[in-house]
Amino acid sequence: MNTTVTPAQAVPEAQHGPLLAKSDITRAWMIYYLGAEVSNSYERLQSLVFCASMTPVLKKLYPNKAEQAEALKRHLNFFNTEGVMGGVIQGVAIAMEEQKTRGEPISESSIIGIKTGLMGALAGVGDSIIWAALMPLLIALFIPFAAKGSALGGIAPLVLYTGITIAISYALCHKGYQLGKESIITLLQGGRIKELIYGANVLGLIMMGALAASYVKLTTPLKFSFLHGSEVVVQQVLDSIVPGLLPLAAVFAIYLYMLKKGPRYTVILLSVVAFSVICSITGIL
Amino acid sequence: MSTLTIATLMGLYYWFARLRLGYTFSGMLLQPVVIAVFVGLITGQMEAAMIVGAGIQLVYLGVTSTPGGNVPSDPALAACIALPIAVKTGMDANLAIALAIPFGVIGVFVDQLRRTINAAWVHMADKHAERCDTAGILRCAFLWPALMGFVIRFPVVFAANYFGQSVVEQFLAFMPRWLTHSFEIMGGILPALGFAITIMVIGKKTLIPYFVAGFFAVLYLKVDIMAVAIFGTCIAFLIRGFGKSEEA
């Protein structure tokens, strides 16, 4: 689109929108990263922070106040996703706003549509990689240090998790801006993301199993004495069959309960409390 | 440091961590092992704080953030109250876990309150958008939630830490043997909840054999966690191709 513009027929400035610098996108990303959960509300979840993060970009793209108000309002629409992967959506939204100011036929509803279309899928990917896999993995890796009384057990996960996730979300935001919506959809539907989640989950479960073996502690002091003087210590019998039987049973009992009844955290906690008191009084455990 | 100073610092820490400034950074600040570092610094008893912190952490390992950001339990409130008291009174990790649990439950309600109130700032931002007041929108996204958060977060932790220690000390002195033993059992079982939740959050039943493999690798092969992580990563790379046929 290379039309030569003479001063007499100057196109309104808004249609020629100034190009955004890389630093503008970084600023927008930073606001979103910092505030993704700060203003989270039941009514519109992350919509407020998304709009706030777009302010540096929108101010530059829409010098015209009426247009700027419209743009700000459309980013106050309902929005919620996982904040690290969500960087992609932000990059795409910025790219679309920029193209719109250059006169490309991008409607308000298509910008909102892309955001709402991507947010569910990315929340799913982000929750399962960033929160369900990476976070417990990093904590698990350094738990042995914490259990021995070393501060490294807390410092290392904090530094690593923050560093890794910031790098991912920064890169995703800039990638989203460069590649635009089509490539993001291809990426999401491609096999690589699924492979990544699968691998992360395998590793996560192996680690959880290893930690469970070290940290769930359940033994029984039960003994049965028989008339002719011999004594059977229940724990010794259990250990001779398979070590760690009771801890493993505890994990799966709770897991199966949650599969059936949903993650009722409080109910389970209270049940464990009641169970412990009963077993303590009766001497079963 | 005096009880007053510790109570104040813990209140401030809880407020700041729950403010959620920095999406993943604050997510980690809320974890008991990280809170333990802070408690270790202000009480001067790093070793005790980390050991108790690891105990509380295991109970809440899988409790990160569920879809929509609802917290099923608040590990940070539990740790910000139970950790300093446990360290000061010389409690063992099992007892500290028992002390922490009720606060974890209360924390859920505090967060519901916050997210209900936060709706007010969105409406305010609607008006700022009409007037193109971008600075106003930024205030709604950061400043007002932060001030509000201080009002609802700080007092809970401050009061519990300030008044809690003497109450807990008196209670400990009179605790019968069967109750102490109940807490020991509970402290042994509750980490199972943390692992069960993590399996649940990962949500793939077909992968459970990997959990069992990790479990018995430690019991039979006597390998430590770092070794499991290394071999686990290799296994994850070797079998990643299977992921294509699985639904995500």
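**The A/B interface**

Author: Start with the charges: two salt bridges link chain B and chain A, a salt bridge being a side-chain nitrogen of Lys or Arg within 4 Å of a carboxyl oxygen of Asp or Glu. Before going further, this is a predicted model, so local features need pLDDT of at least 70 and side-chain atom pairs count only at pLDDT 80 or more, while totals for chains, interfaces and linings use all residues. Residues are numbered from 1 along each chain as its sequence is written, chains are lettered from A and ligands numbered from 1 in the order in which they are written, and side-chain values use heavy atoms, leaving out hydrogens and water.

In one of the bridges, Asp126(B) meets Arg44(A) with N and O 2.7 Å apart. That pair runs from helix α7 (residues 119–130) of chain B to the loop between α1 (22–35) and α2 (47–61) of chain A; helices here are DSSP runs of H or I, at least four residues, and strands are E runs of at least two, numbered from the N terminus. Glu130(B) bridges to Lys73(A), with the closest N and O atoms at 3.2 Å. Over all chains, the salt-bridge count comes to 12.

Next, the polar contacts: 22 residue pairs connect chain B and chain A this way, both partners at pLDDT 80 or more. The rule is a pair of N or O atoms within 3.5 Å; within protein, one must be able to donate a hydrogen and the other to accept it, and residues adjacent in sequence count only if both atoms are side-chain atoms. On chain B's side, helix α9 (residues 177–202) gives the largest share, 19 residues. By class, that side has 68 nonpolar, 22 polar and 11 charged residues, where Ala, Val, Leu, Ile, Met, Phe, Trp, Tyr, Cys and Pro are nonpolar, Asp, Glu, Lys and Arg charged, and the others, Gly among them, polar.

As for extent, 101 residues of chain B contact 107 residues of chain A, contact meaning heavy atoms within 4.5 Å. The two chains bury about 9800 Å² between them, with 77% of that on carbon and sulfur atoms. In chain B, Tyr23(B), Met28(B) and Ile225(B) lose the most area to chain A, together 8% of what that side buries. Buried area is the accessible area (1.4 Å probe) lost on putting two parts together, summed over both.

For context, chain B has 11 helices and zero strands, and its C-alpha trace spans about 65 × 60 × 30 Å along its principal axes.
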